[in-house]
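This briefing goes through one protein chain by topic.

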Amino acid sequence: MIANQRAIQKKGNIHNIIDNDDEIGEVAEWAGVSAAQAKDDDDFDFDNKQVFQQSNDHIEQARQKINQKLNKKGTNVNKRNGPLVNNLKDKAKSLALQNNQSNEAPIQQQCQSSDDENEKPRVDKGEESPDKKVFRLSERSIGKIEEEFEQANKERMMDLEKKKNEVKQISFIEAWDQLKGSQDIRDQIEFIQKKTSFLDKLFGCFSIHLKSSRLIQEKNQVCLMSQLQFDDNNESHFRILYTIYCQLMTTDYCLRYGSHWEMIGFQGTDPATDLRGAGILGLLQILAFISEYKIYFKQTLKIFQDISIPFSITLINITTFVLVSLKDNKLNQLINQEDSVISVINKLYFAGFHLLTKILKKEQITFHTIGVHLTHIRKQIHEQPQKLIREFQSDIQRFYKINNV
């Protein structure tokens, strides 16, 4: 009985020092006894306090040594495996992040697809999907638009043909007769005759008079035409403009407005805005030039186009120069000889423009330097009209002879 109590006390004392069985084995091995003997030896002399104390001292020393070995071993393992563990931790984090993203992407896609599915209207079996319906309607709309376009194009061509038949080109003689016989011109002529004072007739005695009242009236008609602006309601006005373009561009139709007018030397889409001080007379003289010398006239158009100088604007300027000489009675002698006002001013107009063309062929003239030459031409028209006309007639005969026309 006493022996059993001592054995139990022995085991308790050992376990109070060493907690686990592995350490008991280590200590017993170091002490030179077996683990079973250390734990279960009933013959161990507990009464011998000295031996027991020595055993306890040995056991404590063994435990300390084991702890030192274990601590040293753990420290070495941490030193060796620290970087590896850190790398493994970083890799684990990156893998976890990738897994989270890959897991979230299907979820977001699934959520988005579910939202799209919720937005799309449900289609019952046998019913046409909205996309197909839109495509079908689009095809139908496109086909309808194409049909309407073709129909509109046909109508436009028919309208164009109708306008071609309605708008006829006009000759210079016909235009001149219509303009001078228009109601506006007749009314203005009557007004001028009534307002002509005695002083006007008196001062007129000191200049060369026109030899007949018919020439005086014709002169007044020409001056009034220069004040008459383009009128879209006047059929003859548009026919003059229409004929000028068709003759110069060799076509049979043109629109009233458009950039095509710049091709013959107007500055905008509406030639009526470029008439300035020449009025409808400016267009009438262009028509006269085309009617009289078409081949020469078209060749000079090419010269002006090559140097980017507005052809029709230049011609209108020449008209204003001739008007100044006419109003200053510088052309009365020539008019009396010709017995026609319109014939004289047209010849001088042709001659003045021809002089400018000769200068263009000899010198390099630009839009910015042409003003100097126009000033010279205005002086020649005003001071030497007869000489200018004579030179032009000689040159134009030579031109047509060379060109076998």
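Helix α15, residues 341-362, has 22 residues and reaches 32 Å from its first C-alpha to its last, close to the 32 Å expected at 1.5 Å a residue. The model is predicted. The protein chain holds 17 helices and zero strands.

**Chain overview**

- Of the 405 residues in the protein chain, 35% are buried.
- Among contacts with a separation of 6 or more, 73% join residues 24 or more positions apart.

**Helix α15 and its start**

- α15 is mostly covered, with 17 of its 22 residues buried.
- The N-terminal end of α15 is capped by Ser-340, which places a side-chain oxygen 3.2 Å from the backbone nitrogen of Ser-343.
- Asp-339 sits in the loop between α14 (332-338) and α15.
- Thr-357 belongs to helix α15 and has a relative accessibility of 1%. Thr-357 counts as buried because that value is under the 20% cut-off.
- Beyond its neighbours within four places in sequence, Thr-357 is in contact with Tyr-296, Thr-300, Ile-303 and Phe-304.

**Packing of α12 and α17**

- Helix α12 (residues 294-306) packs against helix α17 (residues 385-402) at an angle of about 95 degrees, and their axes are 10 Å apart.
- The two helices are therefore roughly perpendicular, since angles of 65 to 115 degrees fall in that class.
- On the α12 side the residues that meet α17 are Lys-294, Ile-295, Tyr-296 and Gln-299. Their partners in α17 are Ile-396, Phe-399 and Tyr-400.

**Phe-311 in α13**

- Phe-311 is found in helix α13, which covers residues 311-327.
- Phe-311 has a relative accessible area of 1% and is buried, because the limit for that class is under 20%.
- Not counting residues up to four places away in sequence, Phe-311 touches Leu-248, Ile-264, Gly-265, Phe-297, Thr-300, Leu-301, Phe-304 and Phe-353.
- Met-263 is 48 residues from Phe-311 along the chain, and their C-alpha atoms are separated by 8.8 Å.

**Cysteines**

- The structure has zero disulfides.
- Cys-254 is in no disulfide, and the nearest cysteine sulfur, that of Cys-246, is 4.7 Å away.
- Cys-254 is buried, with a relative accessible area of 4%.
- Cys-223 is also buried, with a relative accessible area of 13%.

- Most residues other than glycine have a negative phi.
- Arg-276 is not a glycine, yet its phi is positive, at about 55 degrees. Arg-276 lies in the loop between α10 (235-249) and α11 (279-292).
- At 44% relative accessibility, Arg-276 counts as partly exposed.
- Asp-339, a residue other than glycine, has a positive phi near 60 degrees.
- Asp-339 is partly exposed, with a relative accessible area of 32%. The class applies because this value lies between the 20% and 50% limits.

Key: Residues numbered from 1 in each chain as written. Predicted model: local features only at pLDDT ≥ 70, side-chain atom pairs only at ≥ 80, totals over all residues. Heavy atoms only, no water. Helix = DSSP H or I, 4+ residues; strand = E, 2+ residues; numbered from the N terminus. Expected span 1.5 Å × (residues − 1). Buried < 20%, exposed > 50% of the residue type's maximum accessible area, 1.4 Å probe, protein only. Polar contact = N/O pair within 3.5 Å; in protein donor to acceptor, adjacent residues only side chain to side chain. Disulfide = S-S within 2.5 Å. Axes fitted to C-alpha atoms, helices over the stretch in contact; angles between N-to-C directions. Parallel < 35°, antiparallel > 145°, perpendicular 65-115°, else oblique. Contact = heavy atoms within 4.5 Å.
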